[in-house]
Every structure is written in structure tokens, then in C-alpha cells.
Amino acid sequence: MKFFAALLLCCCCTASIFAQVQMAPKRTLQATRIQEKMTIDGDLNEPAWAAASVASDFVFLWPTPGKPATQRTEVRIIYDNASMYVGVKCLDTHPDSIFHRLSKRDELENTDAFSIIIDAYRDGQNAIKFGVTPDNVQFDSKYSLANANPDNGDPDGEDSGWDAVWNSAAHITPEGWVAEIEIPYSALRFPKKDIQEWGMNLYRTVKRRNETDSWNEVKAEINGSLNQMGILQGVSNIKAPLRLSATPFVATYANNVYNLPTAPHSGWAYPYAYGMDIKYGINEAFTLDATVIPDFGQVRTDNFVLNLSPFEVRFNENRAFFTEGTELFNKGGLFYSRRVGANQKLLNATKISGRTQKGLGVGLFNAVESAEYETTNDGENGNVREQVAPLTNKNIIVFDQNLKNNSSLTLINTNVMRSGSGTDANVTGLLFSLKNKAQSYTTSGKLVYSTRQHETEAENGFTAYLDVSKTSGNLQWGSNINIESDQYNPNDLGLLYSPNEMAHVAWINYSRYKPWCKLNNFWSSAWMYNGGLYKPFGEWTQTSFGFNFGGNTKSFHNFGMNLNTSPWGERDYFEPRTFDFEHYYQIPAGTGLWMWYNSDNRKKLIFYANVGGRKFIQDNRYYSEIYAGFRWRASNKLTIGIGYGREIGNNEIGGLWSDEIYSEAIGYDGTSIIMGRRDVTGFNNDVNVNYAFSNKLNVALYSRHYWKKSEYTRFYTLNNSGNLTNTTYTGTSASGEPLNDIAANFFNIDFVVTWRFAPGSDVLLVYKNFIGDQKGGYNVRHNYLYNAGHLMDFQGSNSLSLKVLYFLDYERLMHKH
């Protein structure tokens, strides 16, 4: 261990003396003011286009960074008092070979594309993207470094869920393809100045060559692209319009539930809903978003699983209001939006966000959840109505100050207040990210304090984090330390799996961004992890080492692998489920290997696979998992995908919750900590079908079947040394029935028709079918195929809904009159 640490330190010191990578010079483009009225038809035949300055001479971003693009691109930008217009000529030497496919907005399918990214405040941390394909499929997104996740290939924090209302037209020509884009100022935020100077970059994708080009060179050795933009000049004397819009909606449902334990027959209900989303530009920089009596009945069904761990399952956020424009609130990872409206009805939610000319970002979020009541009959007093959840207010306030060199300082507070005697919670965090001028080194950290108050009892805790890293060049390195106190708890509005931890991570990474041998690029890294407890302070829990390698071949096949090992095992203080940090289970030493592969995504038929597992040194214990599938682009409108997942756990060890230790089981003494040895097997299969009738009418089908079972073969008592000893607990009833075996059977269908009949206005026709069952007995006794064939024996529901949303914009309405 000492040798590895010394080697890592040596490599880090060597990396620090490497020459810094310099950014490319910033190119400039002059925008031209016009007086004539524009028609967005994709022809670029107005005289104003011919008089405008041209941005051209694009260079490769991928796969050979810095080289001249193979195809010429010409971009012109003009503007008037209401909008900015972007004219694009994507010239092509083989126009008959241009890749183009119809798809749903924001969900591009194997197609050429063009996009413009604008950073109106030139802070290098926030930007907006607008893009089109040759078939005029629109895509837009918002960038914020607050959401950046470089480990997952997103160094700029792209939020593709953000949607604006803008206009475009595009079509293929004998010379290539042409696009014309109108971006109203209501879709932008910009400073209140007479002379504007915006950060800007332009991108083009030539899909048949898997080529991505940019106007201003983006060096792959430098982390992120927002700090590597060119400059748009010449925009002057524009004013932000009154940004006021509303999207009222009405929805109607036909819902059916069946096979309920108390009501085995079907039952239909016909509810309806109505409400409104409102957007108001308080000034040129700040916007208020509100949803009143929201309805989320059309969002995609969650992927439910059988959770055998001691921690809750994190679900993705599929509600648009909580995915759009939330970059400030996501600072520090203190906001888990699924906490809002999870167990109580959401009455309303409001967001206010923006950034001043001096770079101060301010965000306010507030949500109100209704009190929930339950009526029971106690036999003596008849029906009794009791409150099961109090009226609750949840809010967040954020102050985020941009500093020079794309650095930042952030103060964030989350607060949950419950009426009556409910528990109140407050979390306050201070975050910072400091970068040098060359953007090659970053020091970041946070200090967060949490408090939960229940009547006279208070629970206070904190977490602290510090990271130092080299973030540019072929050779990069970093080291960080994280501390969480035993009573740190942000979970009223955030998500933390396990407190009372201390961890140190050190890593070194070497990447080659230009072609070499048979690869377009590759990356490799080595890392070390040390873990311990905060209380008792410094108590060791785990030491792990790992190595990662991956790349992209010149035939555009992607691959990667991760090898990791814990040579001394791990002390797991959470699996016993006592959460007293006195009892732990000693996990034996083990080694894991994970590999993934994606075939060339330009082809009609694409294959992918993720496979891996972990082997422990004792008791023939192992875990293996595979998820593989294909996507078939059957035509320019139809795409079909099928995925197959399989997992096997042999001789796993897991703890039992107190309510899972059955008093009627033979041999239970009522006090011991019981652990079980179990065999786990499961399947996770899905089918996706997408058909685009046009760039405004799309049909999507998503179906998933998940089945997993856990069968216990033996039980143990956990002793004070973390080892397993014999127990008299058998986990069976007097009749020999296994009490702890469990299986989950989940099946769902989501069928969605989306029609954008007017700008920002949609009709959604949605059918959902969900079957869910998680228990022992029947499910465990039979195998996967038997359970799949008897899905209709389980509890389920059907829902057919129709929702109409209509976008109303104040400026557009006034101009019509």
C-alpha cells in the first residue's frame, strides 16, 4: 500500500511539470442588424443573408481534433429588435449520402446536425444550445458547470430536458443541406447593455464519417468546452422583451385496477385534471417558473427493482418541471427532486432563477405539499379520520458568484417545514471551485451543515469535501477527501445513502485524444480508495485499488473495462442494519472485472453489451451480471431496440431488517443480529419502439419485464468481530414454509403518442399498463418463465389518458393584434 501511494505521488509530481495546454485563439464573428422582415423557410434567399459576415473554416472536434473539417460549413448571423437569425449552409461533396432520420424533438437518431451554443454573459459556466437536423428535427439544451459530470462524459453539465420555443426550417439541397433558425430574445437571457458581446460556438455533425466539427477550436486536452468559445460581436441596442407565457393544460383519464387483495374484480375510475405552467421574465436576467395544480400522469413509469440492500433506491426524475432550469438548485448535490411530491400531493411549485451582470446567480425554489388523511374504522367509534402526513413546505435558496477564470463561490440552503409536530429540517452549504488562468488546475470543496428538529430533540451533522486536481493535458491527476459526521442527514430534500464516513481517493489518468495505431483515442486511469468511519474516528473500513481502460477504434467501435480489487476485504457497518456503527460484517477480499462494448453507431444495426462480476476468496461467493441488446433502424422513421439483462448472485451474504426476522420462525432468540446466505437470480428485459410520422408527430412504445428472486440457504448470527457464527434461526415456519425468501415481478408498458400541433403546444395520448408484485411463496417457488407466463395473476393497473397543453406567449399575442 505504501509503495502504491508513493508511486501515485511520484506520477502526480511528474504530471505537474508537464507544459500546460494553451487554449486556441478566440475567433470572432460580426452579427448584422437588419430592418427587413424575415421568412423562416430554409431558403436563405433574403438580401440580408448575402450582406452578412460568414463564419467558416471549421475544424475537427472529433475524431482528429484540430484538423480542417472535411466539409465546408457557412454560418451567417443577423438580428433585429425581436430575434436573432442563424443561416446555415452545410455544403457536402456527396449530398446523396447525407444521414438524416425523423425522430422526436431532442432525441436525435443517426443524423447530421448543426447547433449554435450561446454564452450571453461570457462567464464560461452557463450556455444555451439550439440545433436542427436536415429534417428540421429541433433539439435544444442548457449547460451549467454546476451539473457537470466529467466521469460520465459530460464536462459541461448539459441539460437536454430544457425546452424553449423557437422557429426553424431545414431541407436537403443539391449542394448539401440548409437550415434557417429564428431565436426570439424571449428564449435568451442577456445582460442589460447597449453593446453585447457573447460567447459563441458553432458545431456540425457529419454522421456518415462520425465527424464533429466546431467553428472555434475546442481542444480535447482541456476539460470542458464552455471556456473555449469564440465571440459574437456587433449585437447592439436590443432589449429583452416582456417574457410572459402560460401553458394551461387539461387531462382526462380512464384508470383500471385489478386483482387487488381486497377487491379481486376490476374497477374503473374516470378522473380529470387541469392546471397551468407559468413563465415570467422578472427582468432581462431573472425568470419565474411556476406550476399550479400540476399533473404528472404522463411521465414514464419508474424502473422498479427488488431492493436487497440497506439503502433506498434512487429513481430518475422524469417530470419536466424538475429537470428544466434546475442547474443552480443542483449545486452541491443537496437536492433530490424526487423528494418533492413523493408521498404527498403537490399543490404548487415555483422557481426563480437568473444571474446579474456582475455574475451573481440567484435561485429560489418553493413547493407546497398538501396534508394527507386516512379514514379508518376502529369498530367502537366508527370511521375515524387521521392525519398521516402534515402540510409541508419545501424550499431552496442559492447564491452562486462567478469569479475570474471560470471559478465560483456558492451558498445554498435547503429547508423543509412541516405543520404541527412534524420534523423540520435545514441544510446549509458553502461550495467553491477555483481554477487557474490556463484552466489546467482546479481546487474545489464544500462544507455543509445539517439540522433536523423534532419537538425538543435536535440532530446536527456536517460534511466536508476538498479536491485538488490537474484538469488539462494528456496526463491528469487528482486527490480528494470527504468527511461525513455520524448525524449528517440531508435526506428530507436530498439523498445520502450512508453517513458517518471518511474517504480518501487518489487517481491518475492518461488519455490520448488523437489517432494512434488502430484507435481514434483512448484513456486509462489508476486509482486508490481508502475508507473509514468518522465515529469512532478513523476506524478503517476499506482499501481498494482499480484500473480503467477504454477507447474508440478507427472503425468507431467503443470499448472499456474496469478492474478493481479490495485485497483486505471490507468492514460493512450498514449491512447488519442496526445503524449503531458498533456492529459490522467483515466482507472477504474480492476482485471485480467489468467490460462494455458498443458497435459503430452509424450502422442500421447496433449491438451493445455490458458484462462483469465480482469474485470473493471465500465460499465460492460471486456475483455476475450482463446486459446486452441491439438497436435496429428499420427505416428513416422506425427504430426498434431489444435489451436482455441477467444477474446471478451465488452465496451472497445479506442482513435482515428487524421486521423480516419472523418471531414465528423456528429457533429465533429475539435478540441476535441475523445474517443470511442467499442465492439470487434475475432477468431484466425491455423492448423499445419509436416511429416518427413527421418531426412533430411521434409514437413511442417502451415495455419492460423485471423478475428477480432471493432464496436463503442458511442463516447466521453476527458476532462482535464481524464474523458469522451458527444460529438456531431457520427462517422457516413450523410447517416448513420459507419465511425470508422473496421475489419481485414487475411488468410495464408505456405507449405514448406526441403531437406538437403549434409552437410549444402538445397533445399527448398515453396508455400505461403496470403489473407489480413483490412477495414470497408463489413467485419464489417458480422460475422466470412461469412467472412471466402468469403475469395476469398479479395485481395490476391500466391507464389511458389524453392531455392537451397550449402555449400562450404575451409577445406573440400582442403582435397578432
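Hi everyone, let's start inside: the largest nonpolar core has 39 residues, and Ile77, Phe114, Ile116 and Phe130 touch the most other members. By nonpolar core I mean a set of buried Ala, Val, Leu, Ile, Met, Phe, Trp, Tyr and Cys residues joined through side-chain atoms within 4.5 Å. Buried is under 20% relative accessible area, exposed over 50%, and partly exposed in between, with a 1.4 Å probe and protein chains only. Apart from this core lies another one of 22 residues, including Val340, Ala367, Tyr488 and Leu493.

A word on what you're looking at: this is a predicted model, where local features need pLDDT of at least 70, side-chain atom pairs count only at pLDDT 80 or more, and totals for chains, interfaces and linings use all residues. Residues are numbered from 1 along each chain as its sequence is written, and side-chain values use heavy atoms, leaving out hydrogens and water.

Back to Ile77: leaving aside neighbours within four places in sequence, its contacts (heavy atoms within 4.5 Å) include Leu29, Ala52, Met84, Ile116, Met200 and Leu232.

Now the whole chain. There are 5 helices and 45 strands; these are DSSP runs, H or I of at least four residues for helices and E of at least two for strands, numbered from the N terminus. The C-alpha trace spans about 90 × 70 × 55 Å along its principal axes. Of the 817 residues, 50% count as buried. And among contacts with a separation of 6 or more, 64% come from residues 24 or more positions apart.
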